[in-house]
Amino acid sequence: MHPSQSPTYGDAQVDRIFRALADATRRDIVRRTLGEEATVSALAALYEMSFAAVQKHVSVLEAADLVIKRQQGRERLVRGNPDTLRAAQTLLDDFELIWRGRISRLDALLEEGPGDPTSKP
């Protein structure tokens, strides 16, 4: 698997996930809704911004599949989606493995020391 792709999402969705998580308010909304559902109104009361601004943050998170929004009567309930966070973590783990491999190869080259500049590989 290519490291720029998640096991379950294509590049466009991976981009949406990490763009959504780049914002502190959206990360906080995900954290708050992983433990329990919250209404958009209850979330809006937690931040010093308009209801519409919080609703827009929730929409960005929903488009990235980081939260699931459902209607219950007149309220919209928001719940964090741990499956998408696991997919993002898997992608980050893949990148970590790549970088650890590169560092290990660099360490091995440095341990070998300088070779004979006149010898050919």
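This is a predicted model: local features need pLDDT of at least 70, side-chain atom pairs count only at pLDDT 80 or more; totals for chains, interfaces and linings use all residues.
Reader: Where is Q13 placed?

Author: Q13 lies in helix α1, which covers residues 11-21.

Reader: Buried or exposed?

Author: Q13 counts as buried, because its relative accessibility is 10% and the cut-off for buried is under 20%.

Reader: What is Q13 in contact with, leaving aside neighbours within four places in sequence?

Author: A63, A64 and D65.

Reader: Switching to T84. Which helix is T84 found in?

Author: Helix α5, residues 82-112.

Reader: And is T84 buried or exposed?

Author: T84 is buried, with a relative accessible area of 0%.

Reader: What does T84 touch, not counting residues up to four places away in sequence?

Author: T84 touches Y9, I17, A64, D65 and L66.

Reader: How far apart are T84 and Y9, in sequence and in space?

Author: They are 75 residues apart in sequence, and their C-alpha atoms are 9.0 Å apart.

Reader: Now the helices. At what angle do α1 and α5 pack?

Author: The angle is about 100°, and the axes are 11 Å apart. The two helices are therefore roughly perpendicular to each other, since angles of 65 to 115 degrees count as such.

Reader: Which residues in α1 and α5 meet?

Author: From α1, V14, I17, F18 and L21. On the α5 side they meet T84, L85, A88, L91 and L92.

Methods:
Residues are numbered from 1 along each chain as its sequence is written. Side-chain values use heavy atoms; hydrogens and water are left out. Helices (H or I, at least four residues) and strands (E, at least two) are DSSP runs, numbered from the N terminus. Buried means under 20% relative accessible area, exposed over 50%, partly exposed in between (1.4 Å probe, protein chains only). Contact means heavy atoms within 4.5 Å. Axes are lines fitted to C-alpha atoms, for helices over the stretch in contact, and angles run from 0 to 180 degrees between N-to-C directions. Angles under 35 degrees count as roughly parallel, over 145 as roughly antiparallel, 65 to 115 as roughly perpendicular and the rest as oblique.
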